[in-house]
Amino acid sequence: MKKNNIVLVGGGSTWTPGILKAMTTHLDQFGLNQVVLYDVDQKRQEVIGEFAKILFKEEAPEVEVVYTTDKEVAYKEVDFVFCQMRTGGFDMREKDEKIPLQHGVIGQETCGPGGFSYGLRSIRDMEEMVRDVRLLSPDAWILNYTNPAAIVALALDKIFPKEDKILNICDQPVNLLRSYSKLIDHDVNKLEPVYFGLNHFGWFTHIYDETGRDRAPELKEIILNGGFRPVDAEQRDQSWLETYAMVEDMLKDFPDYLPNTYLQYYLYPEYKVKKLDPNWTRTDEVREGREKKVFEECRRIVDNGTARDSKVVHNDAHGDMMVEVAASIANNERKTFIVMVRNDGIIANLPDDSMVEVAATLGANGPQPYAVGQIGTFYKGLIENQHAFEKLTVEAYMEGSYTKALQALTLNRTVVDAKKARVVLDALIEANKDYWPELN
Ligand code: NAD
Ligand code: G6P
Ligand code: MN
């Protein structure tokens, strides 16, 4: 089996230890020669980098581990780029969440004005990353998880239309699948999903088991009668438990399909705003929870010189999926994953240029999506509206257009009122003045 050189961009991310751990447990599927961690923040990188050296020394000493803040080192002769950066860090995520909420609209990392704001920051750094990688590794696969993945995916598709080795992925469908599998006590690897939508804006229509039986009706019944919790509920913060619980509400109102949890913000914006606190948002929860735990645990491991029995991993699904996606490409396994691809007729009655999230087999030549066909009027209406928001956001970035930015926010279901959109937009422009030269 080929031994790959990989780089993790955003190597100081809170998710990096989990991905590295998954890499050490999947070495028989995804061979490794060198692992490079790259980040723009030397301090974050060093803590996670030192942890990585200990982990691999104990689990796979043949793999070389390097951490760096130098792009030339990071992007040289790599086979796979795993990308999960956060432009502006948690300080800016906090503003994305709190500013809209101060004006009475949803403040969330990837949805509504927060997603718009984060999107405009992510696009520039992602574009730069792709250009830098291509200078030094023209054939590398770029696997992107950076949020807001829907906007990033659309922007990269517009900026690099000929690229066929960039794949945008989200772990939420797999988190949901794992949670369903627990409800029906069935091996998740034997469940075959049918899914359609945009990233953080989609639905499972069928969940087939290995006999061909659709388990979606049974799952809906279970959730409607007993609620819904994530498979790893004991590791989850309160806000995530509340998010999963909202699936029951969504199913009561719209029983056709199993919804992605992020739809709660678009279907119940007023209700959710009332539940959210503009002074204490998900960023505060992450800072006090995941970020603190990951960095404390990595420091402890470095002090002790061993990573054996460490509890540094959050959400196994995330790391496992990232490595399994890479393995499926590297070995031409053609396993099924839910990924983002240019529509081009997959969902027959949606625009060709939307980046849809659907099931696809994944092999050496990339994703081969399954056709979805026509979708119903309600779903078409919702998705077209959201796609228009995403497209106008990307165009606002590319053209430096305030008008398109205002149109984007006005279209978004979490905003709607143009006067509100303008107030929020102006506040976000002010908050992002170091990041959005085109709108300043
Ligand atoms: P984090 O802030 O802990 O990690 C991000 C890291 O990226 C930081 O260390 C930061 O210094 C670094 N960074 C910022 N700009 C960079 C650049 N231009 N080049 C290289 N590194 C850069 O955040 P996190 O909570 O760990 O999340 C990381 C990213 O992964 C976010 O975009 C998050 O939304 C995304 N994510 C996506 C999924 C998914 O399913 N798509 C799942 C988990 C996380
Ligand atoms: C889900 C989403 C990701 C998101 C992650 C963490 O897995 O699909 O896109 O980054 O949750 O979100 P959090 O709010 O915990 O940082
Ligand atoms: Mn996601």
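I call a residue buried under 20% relative accessible area, exposed over 50% and partly exposed in between, with a 1.4 Å probe and protein chains only.

**Entry: ground rules.** I am reading a predicted model, where local features need pLDDT of at least 70, side-chain atom pairs count only at pLDDT 80 or more, and totals for chains, interfaces and linings use all residues. Residues are numbered from 1 along each chain as its sequence is written, chains are lettered from A and ligands numbered from 1 in the order in which they are written, and side-chain values use heavy atoms, with hydrogens and water left out.

**Entry: confidence.** I looked up pLDDT, the predictor's confidence in each residue from 0 to 100. The protein averages 97, and 100% of the residues score at least 70. I then went by element, taking helices (H or I, at least four residues) and strands (E, at least two) as DSSP runs numbered from the N terminus.

**Entry: ligand 1.** I counted a residue as near if one of its heavy atoms lies within 4 Å. That puts 26 residues around ligand 1, with S13, T14, D39, R44 and Y118 the closest. Next I checked polar contacts, which to a ligand are pairs of N or O atoms within 3.5 Å. The side chain of R86 has an N or O atom 2.9 Å from a ligand 1 oxygen. E109 also has a side-chain N or O atom 2.9 Å from an oxygen of ligand 1. For R290, a polar side-chain atom is 3.0 Å from a ligand 1 oxygen. On its own ligand 1 has 860 Å² of accessible area, and the protein covers 94% of this; I note the Shrake-Rupley method with a 1.4 Å probe.

**Entry: ligand 2.** I find 13 residues around ligand 2, the closest being R93, N147, D171, R282 and R290. R290 turns up again: a side-chain N or O atom is 2.8 Å from an oxygen of ligand 2. W240 places a polar side-chain atom 3.1 Å from a ligand 2 oxygen. Alone, ligand 2 exposes 390 Å², of which the protein buries 92%. Helices α7 (172-183) and α12 (282-304) are the elements that give two or more residues to this shell.

**Entry: R93 and the record.** Which residues does the UniProt "binding site" annotation cover? The unreviewed entry lists R93, N147 and R282; such annotations may be inferred rather than shown by experiment. I located R93 in helix α4 (residues 89-102). R93 has a relative accessible area of 4%, so I log R93 as buried.

Technical notes: A polar contact is a pair of N or O atoms within 3.5 Å; within protein, one must be able to donate a hydrogen and the other to accept it, and residues adjacent in sequence count only if both atoms are side-chain atoms.
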